[in-house]
Amino acid sequence: MLTPARTPSRPRGDRPGPAARADERAYIRLLAVLDTAVLAVAILVGYVARFGDEEPSGSEIPYVVVAPGLLLAWLISLRVLRCYDDRVLGYGADEYRRVSSASLRLAGGIAITGYIADVGVSRGFLAISFAVGTVGLEVARFAARKRLHRARDRGAGWSRKVLVVGDTAHVLELVHTLRREPYAGYHVVGACIPDALLAPVPQRLGDVPVVGSFRGIPEAATAIGADTVAVTASGELTATRLRRLGWQLEGTGVDLVVAPALTDVAGPRIHTRPVAGLPLIHVEAPEFRGARKLVKGLVDRSLSFVALTLLLPLLVVIALAIKLGSRGPVLFRQTRVGQGGEEFGVFKFRTMVVNADALLAELAARNETDGLMFKMRDDPRVTRIGRLLRKWSLDELPQLVNVLLGQMSLVGPRPPLPSEVARYDGDVARRLLVKPGMTGLWQVSGRSDLSWEDGIRLDLYYVENWSLAADLTILWKTFGAVVNSRGAY
């Protein structure tokens, strides 16, 4: 909704653009220093592991020349493969793919050149150096990214200054989407709306100032120091006007991005194909069966069996602590709804008093969540040992049995109660197209701290875009979420 607001004019010397570019260059310099240090260590490790205290022999080129040459070639490869492109830094998987591709291509090029030229450089030295260096580069990039994300969450760090262009409803939707994940690095600083909606007084869309119309988008971007123009849906922004906007932004240092109406669809399902000069977006249907599903089930059961075997002593200790701490059974079996609406009994370590369900009605008015679930930060029904188990998510370890039985997956949507499912609408019911999981996007994104709407959105995103690679990433992030006890109560 448009509301008049007083927007003080910004002096020309006080624009956020140059500062943002300086932060960006500082971050890129940090990555270059980290990459150089990692590669130097990797080459040294390769040399020591291959030769130790021995003097290298059989090489026409001394290793005092080979080592610096390999370091320089590796850095050039990273630069040529655009591993320092600001469009891929700080968010998404493309940065990691480019780093791996640069390393693998260089390794392949050196292997082919060495074979053709018959250069006697030790293959063991190269293999160890490339293995250690590639892994080290990925780890260093991950650490730098996490540091950047923490800075962005605090409102600091390098972020893109975004001018959003479109109809008011679509502008507000895009602003909400970008602010939902501040660590992605897109900070909205202004909006341009159709000429017909402009008022003679300063306006705002929520708390975003309206800085112009479609007629002066480049000038508006310059005035507020934006380095990115994000165009969303609008009837007035025809293909011709959008193409002309791209021409106007050439040479200004301002990037143009187009936000389609299609949301919550992962990259691997999206393919762009030019047809008659139009970049048509093809969206593949989600995959709910087939070979990949069989592999996922096999991986789930294998890992759950291994985990149960390794964690057996811990499970015994927890069971004894529960038995000694309060009256009642060790395990709690609750009916939940699984894939296709089929009900099953989910296993948990008991963390509440034995009559917890009977006391729920008395506590309903103190529910701290806005959806169909009941969540209460200081629930009086939770036992002393139960609070400790919940803090570290140890109460959910018996669900490994459900995974082993094929009722659950290691990663998936949260298993709902039958009472929740009875109130599902058509969209939310799509959560039941896959097996529920012990962990999922909801857990690594905040668990009980999330709103009902955000939890459902994350579950539906997983259902539509699941993959084995994403499962492994979520399992890795789960350890961090458990250690930090985010949203656990």
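Modeller: Helices (H or I, at least four residues) and strands (E, at least two) are DSSP runs, numbered from the N terminus. Phe305 is found in helix H8.

Biologist: What should I know about the model itself?
Modeller: It is a predicted model: local features need pLDDT of at least 70, side-chain atom pairs count only at pLDDT 80 or more, and totals for chains, interfaces and linings use all residues. Residues are numbered from 1 along each chain as its sequence is written, and side-chain values use heavy atoms, with hydrogens and water left out.

Biologist: Back to Phe305. Buried or exposed?
Modeller: Phe305 counts as exposed because its relative accessibility is 51%. Buried means under 20% relative accessible area, exposed over 50%, partly exposed in between (1.4 Å probe, protein chains only).

Biologist: Which residues make the nonpolar surface patch?
Modeller: Phe305, Val306, Leu310 and Leu404 make it, and its area is about 390 Å². Helix H8 (residues 291-325) gives the largest share, 3 residues. Patches use residues with over 30% relative accessible area and no salt bridge; like charges are joined within 9 Å, nonpolar side chains (Val, Leu, Ile, Met, Phe, Trp, Tyr) within 5 Å. Accessible areas come from the Shrake-Rupley method with a 1.4 Å probe; for residues, only the protein chains shown count as cover.

Biologist: New topic. How many salt bridges are there?
Modeller: A search of the whole structure finds 16. A salt bridge is a side-chain nitrogen of Lys or Arg within 4 Å of a carboxyl oxygen of Asp or Glu.

Biologist: Which residue does Asp35 pair with?
Modeller: Arg141, with the closest N and O atoms 2.8 Å apart. Arg141 is in helix H4 and Asp35 in helix H1 (residues 16-51), so to speak distant parts of the chain, 106 residues apart. Arg141 and Asp35 are both buried.

Biologist: And Glu95?
Modeller: Glu95 also forms a salt bridge with Arg141, at 2.9 Å between the closest N and O atoms. That pair links helix H3 to helix H4, across 46 residues. Glu95 is buried too.

Biologist: What about Asp255?
Modeller: Asp255 forms a salt bridge with Arg160, the closest N and O atoms being 2.9 Å apart. Asp255 lies in strand E7 (residues 255-258) and Arg160 in strand E2 (residues 160-165), so the pair ties together parts 95 residues apart in sequence. Both are in one network joined by salt bridges that share partners, which includes Arg82, Asp85 and Arg87.
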